[in-house]
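I set out to look up how this chain is packed and paired. My entries follow the order in which I looked.

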Amino acid sequence: MKYSDMANERKVPGQQVAAGYVTRPRLDLIDSEHNRIHLRPTVRRALTALLRAPDGLTTDALLGATWPHEMPAHPRRALETTLSRLRAVLPPACLHRDDDRYRLVGLPGPGHVPAPFIGRDPDLHLIRRLLRTHDGVLVTGPAGIGRSRLIAEAAAAGIFGHSLRSANHDVAEIVDALVSAPVAPFRVVLVDDVHLFPSAALDRLRAVADVSPTRFVMTVPDGVKIPGSVHDALIDGSWTRVALGALADSDADALAEAVGLRSAAGEGNPGLIVATTDRLIDVVERRLPDEASRDVLVAICATGALTWSEIDRLGATSTVDHLVVADLVDVDVVGVRPTSEAVAASVLSDEIARRRVLVDLVAVADTSARRARWALAAGAATTAADHSAAAAELLAQGDPDGAEVHAALAFSSDPGPSTAIGWLPPLLMGSARSAAIAPKVRRIVASLSESGVIRDLPAEAFLATLAFMKDGDADRAVRELASAPEHELVVVARCLLGTYTGTPNTAEPLQLAENGSGHFTRQSAWAAWFLAASLTESPDLDAALDRVDCASGEIVPALFAAMRARGAILRRDWASAHAHLDSSAEQTSPSDLRMRALLHTYRSEIAWYSSDAAQAIPSARRAADLLQRSGHLSDQRVALQWLALALASAGRFTDARTALDEAAGLPRAAVIGDHLAVLAEAATAAATSTAEYLRLVADARAIASSHGVFAETVVGGLVRHVRPRAVDSLTARELEIGRLVARRLTSREIADRLNLSRRTVENHTANAYRKLGINSRRDLPNEL
């Protein structure tokens with residue numbers, strides 16, 4: 001049949017007629033009931049080529065795409081037959097011929113037809129297997145190798161089970177989904193191009209992973225700097241890397257044939273095989289029926305998603321139907337979102353249109369928090385209540401800096417006690433330095449004092465603590481306290497700074513914690529007392545906590561659970577410690593990076609004291625990372641010193657030196673971790689010199705003693721890790737007696753068994769302890 005006769009061809013009754021096309025898992029025509037229509041291979045190749053060329057193809061180009069390897073004996077006659085079969089299943093007037101060009105028009109579908117997903121099944125299988133043993137997988141590879149396509153196909157097909165994909169690098173909805181509906185054994189979060197991901201948003205996702213069963217699959221192109229937290233996770237082994245390579249020759253040739261090329265010509269890069277000159281924005285514009293549809297699409301992309309009630313208020317329900325048909329948006333029971341990050345990025349390139357649409361959206365937002373976020377993005381005004389709601393929501397999602405912006409706007413709109421109290425937490429939890437925080441704290445304190453909520457509240461107590469904790473500036477902290485009026489909070493601040501600088505005091509803060517005149521004073525005093533009691537390993541820690549009335553709110557619940565965990569660690573009750581840490585984590589805001597760092601430190605301690613230094617490293621590193629992000633330089637220095645000890649205990653001496661050098665570069669105001677740094681040096685020295693190891697252990701003891709820190713527990717723990725040559729230096733008799741001591745025999749029992757005097761046994765025991773650098777039998781190494 002000649003092509004000129006096709007216009008008069010009539011459909012066979014009952015024959016399927018295409019109403020559109022789909023591209024997953026392969027290109028197919030579908031009828032009005034979404035049933036796929038069977039196509040011969042040559043018809044499918046011709047259809048693919050025509051859909052990829054909206055401006056049409058010449059006869060020669062269409063022949064080459066339909067028969068990429070070997071032309072039929074009569075090419076033009078074969079092409080007429082193929083097109084006749086294609087037109088038989090297409091709507092009337094869908095296939096046009098103008099002069100020597102063939103073109104498809106009026107066929108609903110994605111427009112830009114992606115290449116088939118070929119040759120990546122082994123990579124997907126490998127990633128799925130690695131997710132069972134690792135917290136995350138980083139997929140790398142050169143441009144065009146298919147990293148983004150792999151993520152998209154995995155999300156669409158549910159290859160990794162329960163997965164969530166980040167759109168526009170906006171994690172708010174993913175965080176909500178992870179927190180509200182955790183799925184066993186875990187959910188998988190898919191993030192493309194993680195190097196473009198905002199560091200704060202990445203940290204929010206990592207925060208949720210601390211308390212929710214979560215795994216990550218992220219991509220980054222070769223030659224691009226990997227974000228610090230992901231890099232550290234790769235170093236400590238909790239994450240792993242999968243490098244996408246070139247396609248196998250057979251897969252490359254199959255892909256080339258599918259897109260109408262004669263061969264892949266030895267090229268294994270999918271992007272180069274299927275390179276196209278189409279710009280995505282042009283494709284999107286061609287599929288938009290009118291300007292109103294464009295505005296609705298911009299609204300959906302600018303917000304990441306709109307609910308159905310918001311769509312209703314915009315009067316855009318029918319427009320959404322058109323956008324769905326054009327395959328520009330996806331819908332579910334909740335609302336509407338862009339089909340892909342690429343579509344959203346192309347539409348949002350017009351900043352003026354984005355702001356104009358956001359202004360209109362402020363009036364239709366479902367919640368106060370959404371209204372405030374959109375108003376801020378559009379530069380529009382809204383109420384203090386809206387900003388307060390947005391601040392609370394962002395704080396709960398782990399974005400204290402974003403929350404602080406809205407909290408500050410709420411206070412500016414309605415300065416009063418409620419907005420002042422709402423402003424303080426994100427301000428203190430955020431990453432700003434103390435110099436930027438100080439004037440805001442003065443405004444908050446003045447507002448609370450004037451309103452009578454807290455009378456005579458000394459701003460100097462806050463400012464001194466901030467100067468020390470955030471900047472490590474002990475001199476400025478002392479000056480602030482020197483100028484402060486007499487107040488219980490000033491006493492608490494002095495006690496807290498005293499503990500950090502080497503003079504821990506448990507008596508004064510405990511007295512204020514139990515008998516202070518104000519609720520805020522008692523809460524602050526409990527925190528100051530706990531730091532001192534923890535460092536001195538106070539035997540009264542559990543007894544004091546037993547006297548606390550939890551219902552009164554005198555201690556923040558998350559901190560109280562952490563205190564209980566610390567008591568359990570000192571008792572070596574690991575099960576109770578883990579239970580209390582889990583309870584504290586559940587009650588800790590994702591934005592409270594300092595509190596989360598404390599919990600990670602305790603988990604690291606449990607692993608370390610259980611003689612598993614390798615397991616202690618990831619939590620120790622996470623604690624240091626969180627404190628770096630929150631800007632608490634004094635705590636970060638101590639965390640790095642602990643990390644160095646964990647690394648050195650595991651034999652990773654170069655990494656330990658790096659951590660120590662990083663700690664040395666921070667302000668030296670906090671001295672409570674200095675003995676840990678020396679013990680890390682001792683762990684390193686133990687590999688080569690017993691004498692140097694023993695000297696450094698003695699130095700660490702002296703430093704800890706001068707700073708009021710009880711160090712015997714950590715020194716004893718170190719002995720179990722470093723396996724020093726001191727064991728080899730023991731005499732045969734010392735080794736024999738040491739083994740009996742480790743088996744819990746008394747000196748009298750050992751003397752009777754070995755026919756020695758009790759004094760001789762005690763002398764050998766003392767010599768063994770001295771050589772091993774320990775003080776008690778529980779610290780004897782396993783090697784005995």
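The entries below cover the nonpolar cores, then a sheet and its helices.

Entry 1, basis. I worked from a predicted model, where local features need pLDDT of at least 70, side-chain atom pairs count only at pLDDT 80 or more, and totals for chains, interfaces and linings use all residues. Residues are numbered from 1 along each chain as its sequence is written, and side-chain values use heavy atoms, with hydrogens and water left out.

I took a nonpolar core as a set of buried Ala, Val, Leu, Ile, Met, Phe, Trp, Tyr and Cys residues joined through side-chain atoms within 4.5 Å, buried being under 20% relative accessible area with a 1.4 Å probe, protein chains only. The largest core holds 132 residues, and Trp529, Trp608, Leu645 and Val714 touch the most other members. Helix H32 (residues 633-649) gives this core its largest share, 11 residues; helices (H or I, at least four residues) and strands (E, at least two) are DSSP runs, numbered from the N terminus. I also found a second, separate core of 29 residues, with Ala78, Val89, Cys94 and Leu107 among them.

Entry 3, sheet. I noted an open sheet of 3 strands in the order S12-S14-S13, paired antiparallel; pairing requires at least two DSSP bridges. S12 (306-307) and S13 (329-331) are edge strands with a single partner strand each, so one side of each lacks a neighbour in the sheet. S13 and S14 (residues 335-338) are joined by 3 bridges, and Val331 stands opposite Val336 in S14.

Note on methods. Buried < 20%, exposed > 50% of the residue type's maximum accessible area, 1.4 Å probe, protein only.
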